[in-house]
Amino acid sequence: MAGLKDKRGFIDKDRLDLSERKAVEYWMKRWGVTKDQLTAAHRKVGRLTKDLAAELGKKR
């Protein structure tokens, strides 16, 4: 399911790296949250997208 690309290749859909702008924008748009909300959840639960989705109350 790798279809989203950034400058270094395909974006990992299982983990979120906050330094990859395109990945952050993708998840912000998909979940309808702000960057601050995503950053706070990332600090709290780690970088797995399923954990982030659960923290934000969204479906992965």
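**Figure 1. Salt bridges of the predicted model.** Two salt bridges are counted, a salt bridge being a side-chain nitrogen of Lys or Arg within 4 Å of a carboxyl oxygen of Asp or Glu. The structure is a predicted model, in which local features need pLDDT of at least 70 and side-chain atom pairs count only at pLDDT 80 or more, whereas totals for chains, interfaces and linings use all residues. Residues are numbered from 1 along each chain as its sequence is written, and side-chain values use heavy atoms, with hydrogens and water left out.

**Figure 2. Close-up of the salt bridge between Arg21 and Glu25.** The N to O distance of this pair is 3.0 Å. Both residues belong to helix H1 (residues 21–31), where a spacing of four residues separates them by about one helical turn. Helices are DSSP runs (H or I, at least four residues), numbered from the N terminus. Arg21 is exposed at 53% relative accessibility, while Glu25, at 39%, is partly exposed. For these terms, buried means under 20% relative accessible area, exposed over 50%, and partly exposed in between (1.4 Å probe, protein chains only).

**Figure 3. Close-up of the salt bridge between Glu55 and Lys44.** The closest N and O atoms of Glu55 and Lys44 are 3.2 Å apart. Because Glu55 lies in helix H3 (residues 49–56) and Lys44 in helix H2 (residues 35–45), the pair ties together parts that are eleven residues apart in sequence. Glu55 is partly exposed, with 35% relative accessibility; Lys44 is exposed, with 61%.

**Figure 4. Packing of H2 against H3.** The two helices pack at an angle of about 115 degrees, and their axes are 9 Å apart; axes are lines fitted to C-alpha atoms, for helices over the stretch in contact, with angles running from 0 to 180 degrees between N-to-C directions. In contact (heavy atoms within 4.5 Å) are Gln37, Leu38, Ala41, His42, Lys44 and Val45 of H2 with Asp51, Leu52, Glu55 and Leu56 of H3.

**Figure 5. The largest nonpolar core.** Ten residues form this core: Leu16, Ala23, Val24, Trp27, Trp31, Val33, Leu38, Ala41, Leu52 and Ala53. A nonpolar core is a set of buried Ala, Val, Leu, Ile, Met, Phe, Trp, Tyr and Cys residues joined through side-chain atoms within 4.5 Å. H1, H2 and H3 each supply at least two of its residues, and H1 gives the largest share, four. Leu16 touches Ala23, Val24, Trp27, Leu38, His42, Arg47, Thr49 and Leu52, not counting residues up to four places away in sequence.
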